[in-house]
Amino acid sequence: MAYRWKNELTRADVTPEAHWMSRRAVMAGAAGLGLIGAGGGAARAETLEPNSFEDLTSYNNFYEFGFDKGDPKRYAGAMTTSPWKIEIDGLVERPGSYDLTEILAAMTVEERIYRFRCVETWAAVVPWNGFELADLLNWAGVKPEARYVGFETLYRPKEMRGQSSRSIDWPYREGLRLDEAMHPLTLMATGLYGKPMPNQNGAPIRLVVPWKYGFKSIKSIVRITLSDMQPETTWNALQPEEYGFYANVNPEVSHPRWSQARERAIGGGLFAAKQKTLMFNGYEKEVAGLYEGMDLRANY
Amino acid sequence: MNRVTQGINAAARRVPPWLIYAAGAAHIVWLIWLGQSGGLGPEPINALERALGETGMKLLVLGLAITPLMRGARVNLVRFRRAIGLTAFAYVFMHLAVWVFLDVYILADIWAEIVKRPYITVGMAGFVALVPLALTSNDWSLRRMGGGVAAAAQADLSGRGAGGGIS
């Protein structure tokens, strides 16, 4: 169902109309999701100003095109994104290989302005366009015994020069628990700033899970598998002590090699100060319930 | 001595060592300017820190290679050794300064990182080891300490000192 999550206030509430089209500033309310009017604590009202299109498309981790942050912009143009098929298989009612146009025809694309927090401690604010993963999963029909969702990125070494390096066991894989996947914040993004998704950002379709570290938000998805077992995920398999399956943004739990307490917003220049990292990247009200009773230190 | 070696040595005699200081200083200023003007991308602090650290490391290795080059291949770049070493130190110092003042900059965190993260502990120890070498590399210090002591200290770094204590 589209529009299940809303910023508490609209852009028009913060900035005069003449400004908001250019500044794209919004209020990120922690309310929404039916929490509005529940009478709970004061909603956190904070101005979120998206990074520039240029910043968001020139500083990327997409190892399929190289390890340098500038490599994806340099080399991702070689990737063919049309036609694009997504294989939906495993514990679903209607498994199959679906053309992306067929999927998009059935989905409602909306804009979502989310915080983005990389495990490497840089952060951004991104105006995504996309639809809820839940809508896609319901469209394919999830069997009752399904507990997890696995994802795979395209594997095409001829177009993805980084895949000739054996440092990673391609294709890149990620996964979510089914309740995380069905959460209204979990987005299948098809665009950025109202434009089709740039190749370096994971064209034509990628996952966005805003309360988790960026590596969970897998790019250029060609396969979605429903299963009853936790899927193997690339970084977790590579460095289990450093990257957990959950990878929820958590300022209290350090990466073994660096603290996660603070982050630096990209685009701030040489003298940008760090800001405090928020629990679940600022989406605590929305998602903390998913992990009730869980030891987040053990399940990092 | 073959012709290539002779050529290198002859060319080296024509290059004044101060050019190395000037090039290093200009490059550092250029990197900072790039960072400030967007030339290092949307996250310039990390990029600047790495560029300074990596260049410092390369120069350090280059400086350490000069004595073996002289002995093994008779390539004489000895007159550049101090300039290369001190320029390497300048890069390492700037790398540390960017880390302290632009990257971490919270006093308690700086200490915590040095103690907690092994790679930062090693880097910090390396810097501390370089400080006396840089400070004693000027003519006055070398004269005052006498050839033996200063040479031994400097030799420790380049690996010439056998067992190498300052004794």
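Modeller: Helices here are DSSP runs of H or I with at least four residues, and strands are E runs of at least two, numbered from the N terminus. By that rule chain A has nine helices and 14 strands. The model is predicted.

Biologist: Why is Ala106(A) called exposed?

Modeller: Ala106(A) has 11 C-beta neighbours inside 10 Å, so it counts as exposed. Ala106(A) belongs to helix α5 (residues 100–106) of chain A. Between Ala106(A) and Arg177(A) there are 71 positions in sequence and 24 Å in space, taken C-alpha to C-alpha.

Biologist: What share of each chain is buried?

Modeller: In chain A, buried residues make up 41% of the 300 residues. In chain B, 23% of the 167 residues count as buried.

Biologist: What makes β6(A) mostly covered?

Modeller: Nine of the eleven residues of β6(A) are buried.

Biologist: How do you know that β5(A) and β6(A) pair?

Modeller: Two strands pair if DSSP finds at least two bridges between them. β5(A) and β6(A) have eight bridges, in the antiparallel sense, so by the rule of at least two bridges they pair. Within this pairing Arg115(A) stands opposite Val125(A) in β6(A). The two strands form a hairpin with four residues between them, and Thr121(A) in the turn has a positive phi of about 85 degrees.

Biologist: Which other strands are joined to β6(A), and by how many bridges?

Modeller: Strand β13 (residues 262–265) of chain A runs parallel to β6(A) and is joined to it by two bridges. There, Ala123(A) has Ala265(A) as its bridge partner. With β9(A), β6(A) pairs in the antiparallel sense over five bridges, and Glu132(A) is partnered by Leu187(A).

Biologist: What makes the set around Ala124(A), Val126(A) and Leu207(A) a nonpolar core?

Modeller: A nonpolar core is a set of buried Ala, Val, Leu, Ile, Met, Phe, Trp, Tyr and Cys residues joined through C-beta atoms within 7 Å. The largest such core has 55 residues, and Ala124(A), Val126(A) and Leu207(A) have the most contacts inside it. Elements that each supply at least two residues include β3 (85–90), β7 (148–153) and α6 (133–140) of chain A. β6(A) gives the most, with seven residues.

Biologist: Which residues is Leu207(A) in contact with, leaving aside its neighbours within four places in sequence?

Modeller: Leu207(A) is in contact with Leu133(A), Phe151(A), Glu174(A), Met188(A), Ser217(A), Ile218(A) and Ile221(A). There is also a second, separate core of 22 residues, with Leu59(B), Ala83(B), Ile84(B) and Met94(B) among them.

Biologist: How many residues does each chain bring to the contact between them?

Modeller: The contact takes nine residues from chain B and 15 residues from chain A. On the side of chain B, α2 (18–37) and α3 (44–73) are the elements that give two or more residues. By class, that side has four nonpolar, three polar and two charged residues.

Note on methods. Residues are numbered from 1 along each chain as its sequence is written. Chains are lettered from A and ligands numbered from 1 in the order in which they are written. This is a predicted model: local features need pLDDT of at least 70, side-chain atom pairs count only at pLDDT 80 or more; totals for chains, interfaces and linings use all residues. Two residues are in contact if their C-beta atoms, placed from the backbone, lie within 7 Å. Ala, Val, Leu, Ile, Met, Phe, Trp, Tyr, Cys and Pro count as nonpolar, Asp, Glu, Lys and Arg as charged, and the others, Gly among them, as polar. A residue is buried if 20 or more other C-beta atoms lie within 10 Å of its own, exposed if 12 or fewer, and partly exposed in between; C-beta atoms are placed from the backbone.
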